[in-house]
Amino acid sequence: MEKIFRKIKNAYLGMISLFIGMRVTIKNYFAPSVTLEYPIKKKKMAPNFRGMVDLKPEACVICYQCIKICPVAALDLTHKQMVADGKKKNEITKFTYNAELCCFCGLCDEICPTDAIFMNKMYEVSVYDHNQVMNIDLMNENKYKHVDANYSLAAEIKINDLNTVGIIQKSPVAPVAAVAAAPAVSAVVSPTPAPEAPKPTSTNKETA
Amino acid sequence: MIDPLSVQVRSMVINSSVILGFISISAMFLIWWERKVSAHIQNRLGPMIVGWHGSLQSIADTVKLLLKENIVPAGADKMIWWLAPFFVVVPSVMAFVTIPFARNFVVHDLNVGILFITSITSVCVLGIFMAGWGSNNKYSLLGGMRSAAQIISYEVPLLLSVVVVIMEAGTLSMQGIIQAQEHGWFILKPNLAIAFVIYFISSTAEVNRVPFDIPEAESELGAGYHTEYTGMKFAMFFVAEYTNLFIVSAVAATLFLGGWQGPFLPSVFWFLLKSYGIIFLSMWVRWTLPRVRMDQMMGFAWKFLTPVALLNLLISGWFMLR
Ligand code: SF4
Ligand code: SF4
């Protein structure tokens with residue numbers, strides 16, 4: 001008798017739990033979807049996302065720091081000395097980047113004294129041929145056009161400038177309290193980082 | 001003078017083409033709908049690219065399956081392997097003969113309609129077992145055997161719950177059962193409501209759906225009996241599965257929810273609304289529950305569902321004699 005009662009109780013509890021489960025699923029059925037329809041809509045990359053190595057040619061001072069630090073020798077730089085108006089001047093003859101060797105460590109970005117070399121936000125970098133990413137001429141304005149038709153150096157530089165930490169700004173620096181109060185706005189970073197202030201780097205909570 | 005036989009043949013041809021068209025469209029729609037329901041329950045979107053909200057996805061899939069190579073596994077029992085999909089599809093198509101779609105639309109209202117449907121759909125298990133045996137693959141064989149055990153066990157409570165309806169209606173004809181519900185659907189009576197629950201549970205097992213989908217348990221058997229099938233043969237299993245789902249839901253709508261009866265709107269609309277409503281319920285359950293274990297499932301059928309169905313039968317008989 002007790003066995004039958006237990007069985008009935010089990011059946012009852014099973015039914016109840018089924019209804020609870022069904023309530024949960026129907027709630028989710030009408031809840032908004034979290035899917036990002038990827039190829040159609042794209043997400044903005046994180047501020048410190050390390051994409052392809054990119055260069056602002058006019059900012060490079062030919063210090064060879066990036067060449068030295070690169071652990072896999074993915075960068076190749078040569079220069080020659082020119083004499084223009086009686087002044088000596090160095091000029092880059094070749095600055096190439098081999099994306100197949102690169103391990104995306106970001107050391108070149110970090111070491112560069114003028115922030116000339118940086119890593120952009122490209123992440124759709126599949127190509128049909130090895131040669132297409134083996135010898136990328138960093139001096140070229142349209143270096144990644146063959147990988148991504150929407151690539152634009154100016155836009156990547158802009159994103160990079162916004163996200164770079166420790167850049168010295170000419171404009172008056174916002175007081176620390178204000179930075180702490182509104183971390184989302186302060187993409188520009190104070191040169192003296194306040195210890196309590198949240199690291200004001202993550203600006204893109206919103207999706208694209 | 002028109003030969004009466006040719007008239008009959010012609011109406012049969014028309015009816016059966018309508019039915020066949022309906023079966024393929026319904027199966028495609030159900031596959032798409034299942035994907036959508038599962039996606040939304042899991043907070044996803046499901047197919048979105050092909051057509052409006054991916055509505056043409058099933059057509060794209062069908063074309064893809066038609067173009068696929070038909071691979072016969074080496075060591076398969078060729079004849080049985082080849083025949084199995086037909087044994088699965090043909091009975092489910094045949095069951096449409098007695099399903100009353102509307103007030104005046106039923107291919108042939110047999111006076112043993114419900115008996116015909118339940119017996120013809122049991123042939124499906126033969127096809128599934130043939131597929132499992134013929135594939136010469138341990139997972140397929142396990143799937144086929146599980147399916148045979150499951151479908152035969154769940155047939156018992158299913159039929160016992162159908163018997164309650166037959167007792168109440170006093171007829172086996174599908175149209176007759178609907179007419180018997182003119183003054184209130186059968187589900188409104190308590191003993192028939194229990195019969196409906198039993199029917200729903202065992203029909204879920206009959207069509208191999210979660211939580212009773214152990215014959216095709218993807219994670220343990222690699223899709224079970226249809227593992228070795230490719231291309232159109234696989235599509236036939238798929239279509240049969242969704243056609244069977246429609247059949248059990250249509251039968252449930254007919255037996256318990258008054259079939260095509262309903263105010264204002266055309267009767268076919270009511271019938272489809274009720275059938276697809278039950279299908280939605282079954283999808284909803286599918287994406288809520290996990291899969292049960294083999295022994296749990298068999299135990300549930302024999303130790304719980306069958307006694308309850310018998311008890312229900314007894315109570316209904318007592319109600320009628322009173
Ligand atoms: S990211 Fe690293 S590996 Fe790539 S070029 Fe820069 S230093 Fe070299
Ligand atoms: S570290 Fe920067 S400035 Fe120096 S060579 Fe490399 S890119 Fe030019």
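1. On one side of H5(A), Ala154(A) and Lys158(A) are exposed (over 50% relative accessible area, with a 1.4 Å probe and protein chains only; buried is under 20%). Helices here are DSSP runs of H or I with at least four residues, strands runs of E with at least two, numbered from the N terminus.

2. This is a predicted model, in which local features need pLDDT of at least 70 and side-chain atom pairs count only at pLDDT 80 or more, while totals for chains, interfaces and linings use all residues. Residues are numbered from 1 along each chain as its sequence is written, chains are lettered from A and ligands numbered from 1 in the order in which they are written, and side-chain values use heavy atoms, without hydrogens and water.

3. Helix H5 of chain A spans residues 153-163, and its buried residues are Leu153(A), Glu156(A), Ile157(A), Asn160(A) and Asn163(A). They lie on the same side of H5(A) because they cover an arc of only 135° around the axis, taken from the directions from the helix axis to the C-beta atoms. These buried residues pack against strand S1 (53-55) and strand S4 (117-119) of chain A, with contact meaning heavy atoms within 4.5 Å.

4. Around ligand 2 there are 14 residues, of which Cys60(A), Cys63(A), Tyr64(A), Cys66(A) and Cys112(A) come nearest; a residue counts as near if one of its heavy atoms lies within 4 Å. The shell around ligand 2 has 12 nonpolar residues, two polar and no charged ones. Ala, Val, Leu, Ile, Met, Phe, Trp, Tyr, Cys and Pro count as nonpolar, Asp, Glu, Lys and Arg as charged, and the others, Gly among them, as polar.
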